[in-house]
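Open the model in your viewer and keep the selection panel at hand. The stops below say what to select next and what is there.

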Amino acid sequence: MTPFQKLEESYAEVADLAHSISLLSWDQQTQMPPRGAEARGNQIATLEGILHERLTAPALGDLLDQANSAPDQTDRQRAWLREFEFSRARKMTLPGSLVKELALETSRAFGVWSQARKKSDFALFAPNLGRIVELKKQEAECYGYEKTPWNALVPDYERGLTADSITTLFAPLRDATTRLLDRILGSKQIDTSFLNQKWDTGIQREFGLRVARDLGYDMASGRQDIAAHPFCTTIGHGDVRITTRYSESRLLDALLGTIHEAGHAMYEQGLPESDARSPLFDAPGLGVHESQSRFWEIRIAHSRPFWSHYLPTLKQYFPGQLDGVDDEAFYRAANKVEPTLIRVEADEVCYNLHVIIRFELEVRIFNGELSVADLPAAWNDLYKRYLGIDVPNDAQGCLQDVHWAYGSFGYFPTYTVGNIYCAMLTEKMQADIPTMWDDCAAGRFDAILGWLRQNIHRHGKRFGAVELIEQATGHKVSCDALIRHLEGKYSEIY
Ligand code: ZN
C-alpha cells in the first residue's frame with residue numbers, strides 16, 4: 001500500500017467516528033428522553049476524544065509527509081491531502097488545556113445565556129461572554145493572523161475570507177439594501193391577514209414533505225423529524241436527515257424551514273459516493289452550503305411560478321382556509337418586507353442587514369474597539385441606523401442568537417456570503433436553463449437540481465469555495481447579482 005492509501009484507510013475510521021457522533025447528537029435533539037442527557041454527554045465526549053487522538057496521531061504526520069512528497073499525484077489526491085492537512089493542523093495547533101477550557105466555558109455559558117435571554121438581562125451573560133472572547137483571542141494567537149484576531153477564527157467556517165475582504169464584499173450590499181428598504185417602507189403595505197389562522201401542524205408536515213420530495217429530497221436516503229432548532233445532519237453516504245419545528249399560527253415558517261433544510265440535504269445527497277469517508281465529503285465552506293438551502297427556500301419557494309403551482313395543492317391540504325386567495329396575493333404575502341427585531345424571522349431584504357450588524361460588532365470586539373459591556377448599546381445603535389427600529393430589550397436584541405455563547409465567532413457572515421453565491425448561481429442557471437421558471441411552474445425540478453448536482457454538489461471539497469463559485473458562474477465573486485435580484489424583484493412588488 002502507498003502512504004496515501006494508508007492515510008485513506010485511517011481517515012475512513014476518523015470519518016466513521018465523526019458520523020457516529022452526528023448520529024448520537026441527532027438522537028439527542030430528536031428522540032432522547034430528558035434524563036439521558038448526562039450519559040449522552042459522556043458518550044459524545046468519549047468519542048470526540050478518540051477521534052482527536054486518531055486524527056492527531058504522529059504516525060499520520062509521517063504518512064502525510066510521505067504522501068505529500070510522492071510524485072504523480074492526481075488532482076483528487078492533492079485536494080484530499082490539502083483538506084486533511086488543514087483539519088489536522090487546526091486540531092493540533094491548540095493546546096489541550098485551551099480546548100478543555102473553551103469546552104467548559106461554552107457549556108457553562110450556554111446555560112447562563114438561556115437564563116439571561118429569559119430574563120432579558122445582558123449583564124448576567126456579559127462576564128461569560130467576556131471570558132469566551134478572551135479564550136477565542138488566545139485561540140487566534142495559536143493559529144496566528146494578520147491585522148485582527150478575528151481573521152484567525154473565520155477559516156473554521158469559510159476559508160479565504162478576512163474581515164477586510166468581507167467588509168469590501170458587503171459594503172455595496174449594505175448601502176443598496178438600506179436605500180431599497182427606505183423606498184419599500186414608503187410604499188403601500190401588503191395584506192397578510194389571511195395567514196392569521198390556525199393551521200393544523202400534522203397537515204403542515206404532510207404538505208412540507210410532499211414539497212421536499214417534489215424538489216428532489218430523496219427519502220430513501222433521508223428522513224424528517226421534529227426538533228426545537230431545525231438542522232440537517234449527515235450520518236453517512238445514503239443517510240442525510242432533516243428536522244423541522246411547527247407552529248399552529250405560522251404556516252409558512254415550517255414549510256420554508258423544511259425546504260431550507262431539504263436544500264442542505266440535497267447538497268449532501270449529491271456528494272459523490274467515491275468521496276464518502278474522505279475529507280472531501282463536504283462543502284468547501286458554510287457559504288456554499290447556505291447558497292444551496294437559500295436557493296430552494298428563497299429563489300424557488302418564494303417565487304411566483306412556485307406558488308402558481310403549489311397554491312392549488314395547498315388549498316386541497318387546508319380545505320376552506322384559503323378560499324378567495326389567489327396566486328398573486330399569496331406570492332406577495334410570502335414576500336412581505338418589514339424590518340423586525342429577530343434575524344431568523346427576517347425577510348429576504350432585511351436578512352443581510354441583521355447579518356452585517358453582527359459581523360461589524362464581532363470585528364470591533366476582536367479589534368478591541370468595543371467592550372463586551374458596551375455591546376447592547378452598540379447593537380441597538382446599528383439596528384436603528386440600518387433597519388430603522390428601536391430595540392426594546394436585550395432578549396430581542398443582542399441575546400437573541402446562541403452563536404456567541406458557543407464561541408462561534410466568524411460564523412454569521414457565511415449566511416450573507418451564501419446569499420451572494422446563491423444569487424450568482426441563480427443568474428447562471430437562468431441563462432443555462434431557459435425553461436427554468438416554466439419547469440418550476442409545472443412542479444418539475446429535475447433540470448434545476450441536475451444543474452446544481454453538476455456544477456456544485458459533485459465537486460464536494462475538491463475546490464475552494466471562491467474557486468468553485470467562480471468556476472460555476474464564470475464571474476468574480478461580488479454582491480452585484482444579489483443587488484440586481486433584490487432591486488428587480490422588490491421594485492416590482494412595491
Ligand atoms: Zn442553513
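Start with the aromatic side chains. There are 27 aromatic pairs in the structure, where rings of Phe, Tyr and Trp (its six-membered ring) pair if their centres lie within 6.5 Å, and planes under 30 degrees apart count as stacked, over 60 as edge-to-face and the rest as tilted. Select Phe-306 and Tyr-310 to see a tilted pair, with 4.7 Å from centre to centre and 40° between the planes. Because these residues are 4 apart in helix α12 (residues 304–317), about one helical turn separates Phe-306 from Tyr-310. Helices here are DSSP runs (H or I, at least four residues), numbered from the N terminus. Phe-306 and Tyr-310 are each buried, meaning under 20% relative accessible area; exposed is over 50% and partly exposed is in between (1.4 Å probe, protein chains only).

Next select Phe-366 and Phe-409. This aromatic pair is edge-to-face, 5.0 Å centre to centre and with 65° between the planes. It links distant parts of the chain, 43 residues apart: Phe-366 belongs to helix α14 (residues 348–366), while Phe-409 is in the loop between α15 (375–387) and α16 (413–432). Phe-366 and Phe-409 are both buried.

Two conventions apply to the whole tour. The model is predicted, so local features need pLDDT of at least 70 and side-chain atom pairs count only at pLDDT 80 or more, whereas totals for chains, interfaces and linings use all residues. Residues are numbered from 1 along each chain as its sequence is written, and side-chain values use heavy atoms, with hydrogens and water left out.

Now extend the selection to the cluster. Ring pairs join Phe-366 and Phe-409 with Tyr-157, Tyr-351, Trp-379, Tyr-383, Trp-404, Tyr-411, Phe-412 and Tyr-415. Arg-294 lies over the face of Tyr-351, 4.6 Å from the ring centre. Over the ring of Phe-412 sits the charged end of Arg-358, at 5.5 Å from the centre. The criterion is NZ of Lys or CZ of Arg within 6 Å of the ring centre and within 35 degrees of the ring normal.

With 10% relative accessibility, His-403 counts as buried. Leaving aside residues up to four places away in sequence, His-403 touches Arg-343, Ser-408, Tyr-411, Phe-412 and Tyr-415; contact means heavy atoms within 4.5 Å.

Move to the zinc ion. Which protein atoms are its donors? They are NE2 of His-260, NE2 of His-264 and OE of Glu-290, lying 2.1 to 2.3 Å from the ion. Donors are N, O and S atoms within 2.8 Å of the metal (3.2 Å for Na, K and Ca), and sites may look incomplete because water is not among the atoms. The spacing of the donor residues in sequence is H-x3-H-x25-E. His-260 lies in helix α10 (residues 251–269) and Glu-290 in helix α11 (residues 286–300), 30 residues apart. Both His-260 and Glu-290 are buried.

Between α10 and α11, select the loop residue Arg-277. Arg-277 is not a glycine, yet has a positive phi of about 60°. Its relative accessibility is 42%, so Arg-277 counts as partly exposed.

Go on to helix α5 (residues 96–119). At 1.5 Å a residue, its 24 residues should span 34 Å, and the end C-alpha atoms are 35 Å apart, which agrees; the expected span is 1.5 Å times one less than the number of residues. Colour the buried residues of α5: Leu-98, Leu-102, Glu-105, Thr-106, Ala-109, Trp-113 and Ala-116. They pack against α6 (122–143). Ser-120 follows α5, with a positive phi near 50°, and is in the loop between α5 and α6. Ser-120 counts as partly exposed, at 24% relative accessibility.

Finish with the cysteines. How many disulfides does the structure hold? The number is 0, with a disulfide taken as a pair of cysteine sulfur atoms within 2.5 Å. For Cys-232, the closest cysteine sulfur is in Cys-422, 17 Å away and too far for a bond. Cys-232 counts as partly exposed, at 22% relative accessibility. For Cys-398, the closest cysteine sulfur is that of Cys-350, at 19 Å, again too far for a bond. Cys-398 is buried, with a relative accessible area of 5%.

Definitions and conventions
Helices (H or I, at least four residues) and strands (E, at least two) are DSSP runs, numbered from the N terminus.
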